[in-house]
Amino acid sequence: MTALDADTRASLDRFVLPFEESFDWTDVLERAGIRTRPRFGGRRTVALAGLVATALFVAFLLPWNGRDRGIVDRALAAVGPGPVIHVVTRQVLQGTTELDLSTGREAPIVQETETWIDDESGVVHEIVRVNGDVRSDSLHRVAEPAIADAHSTAAFAVDYRRSLERGEAKQVGEGTVAGRPVYFLKLRPTQSTEPLADATGESSQPDEISAIVAVDRETFRAVRLQALLNGRPWGPSIDVLQFETTSRAGADLTPVRTTAVTGISAGSSPISIDQVGNVLSVPALWAGSSVAARPLNEIYRQALVIGAVANGRVANPTHGTALELLYGADQPGAPDGITIVEAASARPDANWVSETPGPKPGLAELRAETVFGSNAAGTAQDVKLGTKWIVVLERSGLLVRVEAWSREDVLAAARALRPL
Amino acid sequence: MKQGAGLREIEGVYRARAAEFRRVAAAIVGDRERALDVVQEAFAAAVGRRSTFRGDAPLEAWLWRIVVNLARNDLRERRPMPPSTEETTNGAVEPHDARLAVALLSLTERQRLVVFLRHYADLDYRTIAETLDVSEGTVGATLNTAHRALRTALEEVTK
């Protein structure tokens with residue numbers, strides 16, 4: 001190995017200066033012809049505008065009147081003058097349920113997001129709870145949490161307060177939400193910086209983002225939010241449980257308690273069934289030699305690089321391992337195949353299996369995702385390939401993800417899981 | 001070996017190493033703005049071709065190969081001026097050290113690529129070898145030659 005002298009090294013450093021740690025993955029996907037989906041208020045809050053039918057729907061049909069500044073002022077007074085916004089929202093995750101595999105009982109998954117936003121410094125502390133359990137807890141800094149760019153609870157909160165302060169929120173109607181009389185306020189529309197309309201199958205541009213907020217007629221506190229994309233409901237309506245401001249001393253802007261980690265594949269290699277026992281730190285699970293009429297075709301040992309993400313890089317990376325079992329196919333995600341991915345739940349390796357922990361023991365998280373991609377001939381992109389069903393569960397010290405192309409198959413494989 | 005790379009795997013490498021990919025691309029094409037575009041296009045191409053990833057080399061090396069090839073093609077197609085010792089253009093990589101620009105021009109393309117991948121991306125010999133489709137021994141020898149040539153060229157320029 002040779003080394004450059006310090007002078008040449010310094011010259012090279014100056015020759016091409018380092019780039020900022022920034023990235024635009026959405027742009028990559030768009031260039032690849034893959035349709036992207038916006039997020040609003042949570043990881044799995046996929047915009048399904050066509051399915052949303054709430055009482056708020058009537059509100060945006062009403063014409064602007066925007067004359068009752070008194071309502072806006074009182075809503076602003078209810079928010080308060082503190083430098084830190086504290087907002088708690090609740091929503092039912094769409095397309096995801098909690099399933100008892102033994103009884104078949106399914107229940108909706110309720111996600112609560114508690115957010116503290118220091119608007120001046122851009123520090124945001126976000127705690128996401130699913131059915132009461134903390135799923136993520138992150139502290140990060142955002143340059144400008146505008147609603148059109150972030151599609152997050154924090155963005156909504158900042159935009160709502162600013163709209164009230166600037167008189168850019170206008171009353172567009174009255175009604176009831178959960179039995180409470182409310183005013184509907186529409187926030188000033190902003191232009192999106194991403195091609196968001198693709199998520200609803202539209203191609204018009206530019207895209208216009210706004211939101212309607214239901215404000216309690218007695219307390220003038222926000223009680224429900226409905227985001228709008230190009231004037232139509234965008235994503236599910238979100239209950240606003242709390243919206244207030246506080247001093248910095250009274251805010252929870254403490255350093256993050258759980259660190260977001262990511263897993264990167266460092267390569268995979270096929271192994272025989274006899275070698276599986278040495279791969280994970282706990283005994284592996286499988287669905288038998290065949291499941292749903294599909295034989296076990298391949299087993300892969302997945303080498304992982306795991307670490308906390310800081311400034312766009314994986315800091316302090318460690319090595320991890322996961323196991324992939326492929327039924328009825330020889331590569332993950334192949335049409336008609338069933339894939340089982342598992343890793344020790346006590347290790348960060350589990351992040352490769354699922355970004356969030358599994359549900360409580362005995363339960364499984366079931367969700368459906370629409371998959372887009374190129375057609376078989378490669379002549380068309382952005383084609384809907386089908387619906388992939390995913391089960392995530394925790395069992396015997398392992399976090400397990402099962403993927404299949406039908407609900408029946410994914411449940412059959414999840415129910416068949418047992419020690420290898 | 002596994003066939004195909006996952007979107008999430010590609011995204012992971014992109015998010016972890018975007019700055020380095022851009023820096024190497026900028027060194028090759030000589031323009032920071034074009035480098036941004038080249039890297040975006042390269043990853044879009046990787047996403048589109050992900051099913052062809054054979055898995056017989058690390059995913060990152062496969063991605064580096066795509067980025068480097070696209071940057072080289074971009075350079076050829078656009079036929080830019082080489083880094084100048086006398087002038088800079090708006091948005092171009094500024095030759096902060098004119099001596100180095102001259103010295104780099106004295107290298108072969110392979111030597112330059114090895115230096116860029118080693119210095120700007122901190123890649124090990126194996127990954128450089130897999131990226132450029134040469135042996136590890138060739139990488140070591142090329143890097144040795146390049147370093148020697150750089151030193152010589154720099155000394156000659158300063159005489």
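This is a predicted model: local features need pLDDT of at least 70, side-chain atom pairs count only at pLDDT 80 or more; totals for chains, interfaces and linings use all residues.

Colleague: Where does Arg232(A) sit in chain A?

Modeller: Arg232(A) lies in strand E10 of chain A, which covers residues 232-233. Its C-alpha atom is separated by 9.3 Å from that of Ser210(A), a residue 22 residues apart from it along the chain.

Colleague: Switching to chain B, at what angle do H1(B) and H5(B) pack?

Modeller: Helix H1 of chain B (residues 7-29) and helix H5 of chain B (residues 109-121) pack at about 150 degrees, and their axes are 9 Å apart. Angles over 145 degrees count as roughly antiparallel, and H1(B) and H5(B) are therefore roughly antiparallel to each other.

Colleague: Which residues make the contact?

Modeller: From H1(B) they include Arg17(B), Glu20(B) and Val24(B), while H5(B) contributes, among others, Leu113(B), Phe116(B) and Tyr120(B). By class, the contact of H1(B) with H5(B) has eight nonpolar, no polar and three charged residues.

Colleague: And how far apart are the axes of H1(B) and H2(B)?

Modeller: The axes of H1(B) and helix H2 of chain B (residues 32-48) are 8 Å apart, and the two helices pack at an angle of about 145 degrees. H1(B) passes H2(B) in a right-handed crossing, and the residues in contact include Tyr14(B) and Phe21(B) of H1(B) and Val39(B) and Phe43(B) of H2(B). That contact of H1(B) with H2(B) divides into 14 nonpolar, one polar and three charged residues.

Methods. Residues are numbered from 1 along each chain as its sequence is written. Chains are lettered from A and ligands numbered from 1 in the order in which they are written. Side-chain values use heavy atoms; hydrogens and water are left out. Axes are lines fitted to C-alpha atoms, for helices over the stretch in contact, and angles run from 0 to 180 degrees between N-to-C directions. Helices (H or I, at least four residues) and strands (E, at least two) are DSSP runs, numbered from the N terminus. Angles under 35 degrees count as roughly parallel, over 145 as roughly antiparallel, 65 to 115 as roughly perpendicular and the rest as oblique. Contact means heavy atoms within 4.5 Å. Ala, Val, Leu, Ile, Met, Phe, Trp, Tyr, Cys and Pro count as nonpolar, Asp, Glu, Lys and Arg as charged, and the others, Gly among them, as polar. A crossing is left-handed if the near helix is turned anticlockwise from the far one by less than a right angle, and right-handed if clockwise.
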